[in-house]
Amino acid sequence: MKKLALCLCILFAACQSNKDHTKKTAQTDLSDRSDPHSYSIPTDAVVKHLDLELAVDFSSRILTGKATWEIQNLTATDSIIFDTRQMQIEKVILDAKKDAKFSLGKKDTFLGQALNVKIEPGTKQVTIWYKTTKESAALQWLNPEQTAGKKQPFLFTQSQAILARTWVPCQDSPAIRFNYTAKVTVPREMIALMSAENPQKKNSSGVYQFRQPNPIPSYLLALAVGDIEFKSIDSRTGVYAEPVTLKRAAWEFSDMGKMVSAAESLYGPYLWNRFDVLVLPPSFPFGGMENPMLTFATPTIIAGDRSLVSVISHELAHSWSGNLTTNATWNDFWLNEGFTTYFERRIVETVYGREEAMMQEAIGFKALQASIEELGPKSEDTKLKGNFAGRDPDEGVTDIPYEKGYAFLKVMELALGRTAFDAFVTEYFQSHKFKSITTEDFVLYVQKNLFVKDPKLSDKLKMSEWLYEAGLPDNLIKPSSEKFLAIDSLLNANRDRLPINSLKSQISLANEKLYLLNVLPDSLDKKDMAQLDQAFLFTHSHNAEIQCAWYMHAIKNNYQPAVAAIEKFLINVGRRKFLIPLYKEMVKTEEGKEWARRIYKKARPNYHAVAYSTIDELLK
Ligand code: BES
Ligand code: ZN
């Protein structure tokens, strides 16, 4: 009976979706679409090239835009659908001459509104005139005081996962690629940079032209405007930053050229010409963002000792896993991030040695275990193949796609041997370059290229368990590092008291400190906290990862000497990865909640929408 009801339900849903599909009306339930996070129907009419014109106005905090899309009308359909959110559409023109009829669909919180433009079978070009709004979530407009130089305002975008539609009307699915050219007008004292070929100097006109020669998905559209200068590292790498940050940034990232060469020697040529990094103001909500040709990075990775540069290896690795071979939907996000985490650690191993890579792997594994515990080992959200239809895909940005994805690829590496696995990965990127694929496409590729040659491999890998089941399969390889084992044994031999002096003489590296902070007991008395702080200067560390891990202990144990530093950190830094755990820990007690609310009042104006939307929920 239950089964029959379910069948009827599915049949009804299928009829509904068919009916809707033929009507091509805007839907808010997209769960049956190949990409549940885009209204577009690329099998009917799809974009191929974007020519974007933007005027950047800092006083009104609005972008005025004209997006000319070259399209292919594949089925001679009478409409093309774009994704839009938090923007105002002014007019739409077909083939540079004819006014088009258009309508906007129902509003959805995350998906925004479908923009349905009436076209003709032969339509080649659709030009959309629009303005962004104060709400446009991809954009963060900063006052001069929120920048390092404190003199000029700053603007940057963050399009991943589905925010490109808040500043460019587009078919906002990672399965749809296009090339782009752009012309951006900014105030004369500033420079504009994009995920494209970039200028290295300001000009006197304030007008900048861009070209991205490779086809990219919309989530890699990016723009930054500010008082920014460039410093070259080598012939194909360099750093952009505000003048006061530039020198420190160039020193910290001086190995970028070596990283690109290491990456090429692993998995094939770098196909994006230049690899530059832009250091943003501290409100940037991520560690890094792999915008093609111009990775965006948080200044919190400038620790002064190059201890956090693996973030740069990570974003560089996305030039293959992600920017060349892309997840077709956000449910396949592990294909981007799992492969990138694996590739990142191989670059780190090549440039900084095996011990460094192993320490990072072990820290990643600790984070994975903690995440699985937090989500619950049976939680659907611990599966590599995600299901985020009807939800914000940002909910899928957990350690699962990164570290469980990594752990699965380590299982593959061990089963095949490194040489064969590297050949497989090189060939995988080569045969899927500029393509977007699903987890199922990946499974077919593995079956065709590996299982056919070695049928026993299938059992060894337990691939479907890794991809489609919750928790961790039993063929998991637990990473370990000699240096961390030494810390473990010190702690184990002194269970009744913390051996602070021995720890102090043994530990010198940032990774070791981070590991120690990971394995310390939750409950520490005031004396232990003070002694740890005295031994390792945690409260005033220059390493943001260490600061965050220490502040978690400080909150848990009500360690007063860190209070001012925590407040300063939360007000200055906008990186989600740090903010969310810290605020989550604070709201566990009534007193903490009040404290969090007090800080948040001052801090919220410094956060990007992707950070404050989550924290608003936490502090409600
Ligand atoms: N592409 C991601 C950031 C991202 C993911 C933005 C999903 C929006 C939605 C980037 O490559 C990334 O993974 N950044 C990490 C760095 C890291 C794991 C080294 C981050 O920001 O912490
Ligand atoms: Zn990434």
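**Close-up 1. The donors of the zinc ion (ligand 2) are spaced H-x3-H-x18-E along the chain.** This is a predicted model, in which local features need pLDDT of at least 70 and side-chain atom pairs count only at pLDDT 80 or more, while totals for chains, interfaces and linings use all residues. Residues are numbered from 1 along each chain as its sequence is written, chains are lettered from A and ligands numbered from 1 in the order in which they are written, and side-chain values use heavy atoms, with hydrogens and water left out. On the protein side, the zinc ion (ligand 2) is held by His314 (NE2), His318 (NE2), Glu337 (OE) and Glu337 (OE), at 2.0 to 2.6 Å. Donors here are N, O and S atoms within 2.8 Å of the metal (3.2 Å for Na, K and Ca), and water is not among the atoms, so sites may look incomplete. The arrangement is irregular because the six donor atoms around the zinc ion (ligand 2) subtend angles of 55 to 160°. For reference, four donors count as tetrahedral if all angles lie between 85 and 135 degrees; four count as square planar and six as octahedral if opposite donors are over 155 degrees apart and all others between 65 and 115; anything else is irregular.

**Close-up 2. His318 and Glu337 are both buried.** Buried means under 20% relative accessible area, exposed over 50%, and partly exposed in between (1.4 Å probe, protein chains only). Helices (H or I, at least four residues) and strands (E, at least two) are DSSP runs, numbered from the N terminus.

**Close-up 3. Tyr270 lies in the loop between α3 (256–267) and β17 (275–279).** With a relative accessible area of 7%, Tyr270 is buried. Setting aside neighbours within four places in sequence, the contacts of Tyr270 are Arg236, Val260, Glu264, Phe275, Met293, Leu316, Ser319 and Trp320; contact means heavy atoms within 4.5 Å. One of these, Leu316, is 46 residues from Tyr270 along the chain, and their C-alpha atoms are separated by 9.4 Å. Look also for the side chain of Tyr270 reaching the backbone oxygen of Arg274 at 2.8 Å.

**Close-up 4. Lys98 and Glu120 form a salt bridge, with their closest N and O atoms 2.3 Å apart.** The pair links distant parts of the chain, 22 residues apart: Lys98 belongs to strand β5 (residues 98–99) and Glu120 to the loop between β7 (113–118) and β8 (125–132). A salt bridge is a side-chain nitrogen of Lys or Arg within 4 Å of a carboxyl oxygen of Asp or Glu, and a search of the whole structure finds 30 of them. Lys98 is partly exposed at 40% relative accessible area, and Glu120 is partly exposed at 37%.

**Close-up 5. A salt bridge joins the side chains of Lys385 and Asp332 (2.8 Å, N to O).** Here too, distant parts of the chain are linked, 53 residues apart: Lys385 is in the loop between α6 (354–375) and α7 (399–416), and Asp332 in the loop between β20 and α5. Asp332 is buried, at 0% relative accessibility.

**Close-up 6. Lys588 pairs with Glu585 in a salt bridge whose closest N and O atoms are 3.0 Å apart.** Lys588 is exposed, with a relative accessible area of 61%, whereas Glu585 is buried at 12%. Elsewhere, salt bridges that share partners join Glu349, Arg354, Lys410, Glu413 and Arg418 into one network.

**Close-up 7. Helix α9 (residues 439–451) has the buried residues Thr439, Phe442, Val443, Tyr445, Val446, Leu450 and Phe451.** These residues are on the same side of α9 because they cover an arc of only 165° around the axis; the arc is that of the directions from the helix axis to the C-beta atoms. Their cover includes α5, α7, α8 (418–431), β21 (435–437), α10 (457–461) and α11 (463–468). On the face turned away from the buried side, α9 carries the exposed residues Leu444 and Lys448.

**Close-up 8. The peptide bond joining Gln160 and Ala161 is cis, with omega about 0°.** Ala161 is in the loop between β10 (154–157) and β11 (177–185).

Terms used
Polar contact = N/O pair within 3.5 Å; in protein donor to acceptor, adjacent residues only side chain to side chain.
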